[in-house]
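Welcome! Please take a look at the protein shown here, and then we will walk through some of its parts together.

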Amino acid sequence: MDSLASNTKVQFAATAVVSAAVAATAVLGLQRLQHDEPWKPKRAKSVAVNDDDRRPKAPVSLDHLAPLPNADKEDARNALLARRALAGDFDNELILEQLARNRVFLTPEGLDRLRSAFVVVVGCGGVGSHCASALARSGVSRLRFIDFDQVTLSSLNRHAVATLADVGLSKVQCLRRRLVAITPWVGFDLCVEKFDGQSAGRLLGAWEDGQEPDFVVDAIDNIDSKVELLKYCHDHKIPVISSMGAGCKSDPTRIVVGDIGTSTDDGLSRATRRRLKLKGVTSGIPVVYSTEKEGEGKAKLLPLPDEEFQKGNVGDLGVLKDFRVRILPVLGTMPAVFGYTVANHVICSISGYPIDYVPGKARDKMYDGILAFVQSSEEKIVRQEIKIRPDEGLGLKVPINPGDIAFLVEDLYKAKSVVTGLPTKLVLIRWQKPPAGTALVRIGEGEDEQKSSNVKIYDLVCMTKEEAVRHQREILQGTKTHEDLYSQETIELVESKLKEAKEYQKYRQ
């Protein structure tokens, strides 16, 4: 028995060593390619099939994929069955029987729409793999998987289909390897690539016969890539749903679907929402997020040890540029709940099944009102500065948009006055009086002259309207100081908020 246990430990140790070596080689190769030449995806070529039985079109062959490094007889059998199915040699009645429960639920027409759909899943880890598995099992006939990473031993606590035999294999190929045994008629397009803004047009482009994506799933855990994906989809009107952070969450009853403007209570959601607002995207993107609060005894991302900072630039410690260097605590069940919730939204949306989520409170009208107040306040400052007559039109523009307003009010000031903490009748106003002669920016002359304020997002603070009127009268247009009106605690709080806003200025473009 001791010998058997020892042999088992040796086998697991060997598996871990081999997987680490494979993953390290792949990551180093990706790093080298990122510096030396553009990374090219490994993708399955596809050929359209004539559709005589209302069957979805799909690629005929998967032979162009890189071969599995440890393929067995079962893999060979599944690949052969997939080639036959994609070539049309698979009884459609068998497919309908496999999808019978969905067909009854969604109606035949709804299932037909789903079977004709093309969905892109970006990020094939814990959340993405469960979502992809549910989409394939539910009848989506065309799936493009995008992920640069490989399956590791630590992936197995949350990945939908990965086994020990898949450790070291790319996540996209692992998904196809397992799902082809379940749904051999589905066409898979695999992209072993890190998503970024430069590759968005290609990776989110049409299938080879010209079919555009019906939906994009964002299951990325890197903020920069996530924001680039969502901004691209928003600008190009591609239906998309985003999964926020499943890490450090444990309560499945707190997971909801809502608008990006209302998501709360996790770092990934907060950072993504802030970046998008500063890029002008304040709403219109459905997200899956958790309302679970942090609490005593609950898991959390621990600070990086001091000795790691002493090694130099923290960003250099990660396996890839801009990727986190700490292990995020994840309960294996939670990514699955997130992934299935995302898949559920996609399935219902494509099939036309009614979706009755609890609506979030519309804030756009409030943002427009706050923007109008900022413009009015700036006009008062400029009029006093240049001694313009009250009846003379100024036509002042302000370099602030609704996304900036949403970021400042909702995210930076938590929808509360920085002075009293009151949440009602909120507005934004300058904190400091601008130096004489600087508030007005003129470009052009005569009828072509453009007049604008020089106000920046890191000049503005959130107050109630009554507080702001007093602030305008006594500080911005009067002679009183901040110490005359506010406590030292309030002044220090404002200064910290303005500093934080200045750090986010770079994300506005």
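Which residues of β11 lie on one side and which on the other, and are they buried or exposed? Leu460, Cys462 and Thr464 sit on one side of β11, Val461 and Met463 sit on the other, and all are buried. Buried here means under 20% relative accessible area, exposed means over 50%, and partly exposed is in between (1.4 Å probe, protein chains only). Strands such as this one (E, at least two residues) and helices (H or I, at least four residues) are DSSP runs, numbered from the N terminus.

**How to read the model**

This is a predicted model, in which local features need pLDDT of at least 70 and side-chain atom pairs count only at pLDDT 80 or more, while totals for chains, interfaces and linings use all residues. Residues are numbered from 1 along each chain as its sequence is written, and side-chain values use heavy atoms, with hydrogens and water left out.

The pLDDT, the predictor's confidence in each residue from 0 to 100, averages 81 over the chain. A score of at least 70 is reached by 78% of the residues. Residues 58-64 stay under 50, and the model has 28 contacts for them beyond four places in sequence. The pLDDT is also below 50 over residues 314-320, a stretch with 17 contacts beyond near neighbours in sequence. A contact means heavy atoms within 4.5 Å. Where pLDDT is low, the predicted coordinates should not be read in detail.

**Strands**

Let us return to β11. This strand covers residues 460-464, and five of its five residues are buried. β11 runs antiparallel to β8, and five bridges join the two. Strands count as paired if DSSP finds at least two bridges between them.

The pairing of β1 with β2 (residues 142-146) is parallel, over five bridges, and valine 120 stands opposite arginine 144 in β2.

**Nonpolar cores**

A nonpolar core is a set of buried Ala, Val, Leu, Ile, Met, Phe, Trp, Tyr and Cys residues joined through side-chain atoms within 4.5 Å. The largest one has 53 residues, and those touching the most other members are Val119, Leu135, Leu143, Phe145, Phe188, Val217 and Val346. Helix α11 (residues 333-351) gives the most to this core, with seven residues. Another core lies apart from it and has 43 residues, including Val374, Ile400, Phe407 and Leu426.

**Salt bridges**

Side chains of opposite charge can pair when their charged atoms come close. A salt bridge is a side-chain nitrogen of Lys or Arg within 4 Å of a carboxyl oxygen of Asp or Glu, and the structure holds 23 of them. Here are some examples.

| Residue with N | Residue with O | N to O distance |
|---|---|---|
| arginine 274 | glutamate 500 | 3.0 Å |
| lysine 425 | glutamate 466 | 2.6 Å |
| lysine 451 | glutamate 449 | 3.8 Å |

Why does the pair of glutamate 500 and arginine 274 tie together parts that are 226 residues apart in sequence? Because glutamate 500 lies in helix α16 (residues 488-504), whereas arginine 274 lies in helix α9 (residues 267-278). Arginine 274 is buried at 7% relative accessible area, while glutamate 500 is partly exposed at 23%.

Lysine 425 lies in the loop between α13 (402-412) and β8 (426-430) and glutamate 466 in helix α14 (residues 465-476), so this pair ties together parts that are 41 residues apart in sequence. Lysine 425 is exposed, at 54%, and glutamate 466 is partly exposed, at 46%.

In the remaining table row, lysine 451 is buried at 18% and glutamate 449 is partly exposed at 25%.

**A look at serine 349**

Serine 349 lies in helix α11 and is partly exposed, with 31% relative accessibility. Leaving aside neighbours within four places in sequence, serine 349 is in contact with Phe215 and Ile355. The C-alpha atoms of serine 349 and proline 239 are 9.4 Å apart, although 110 residues separate the two along the chain.
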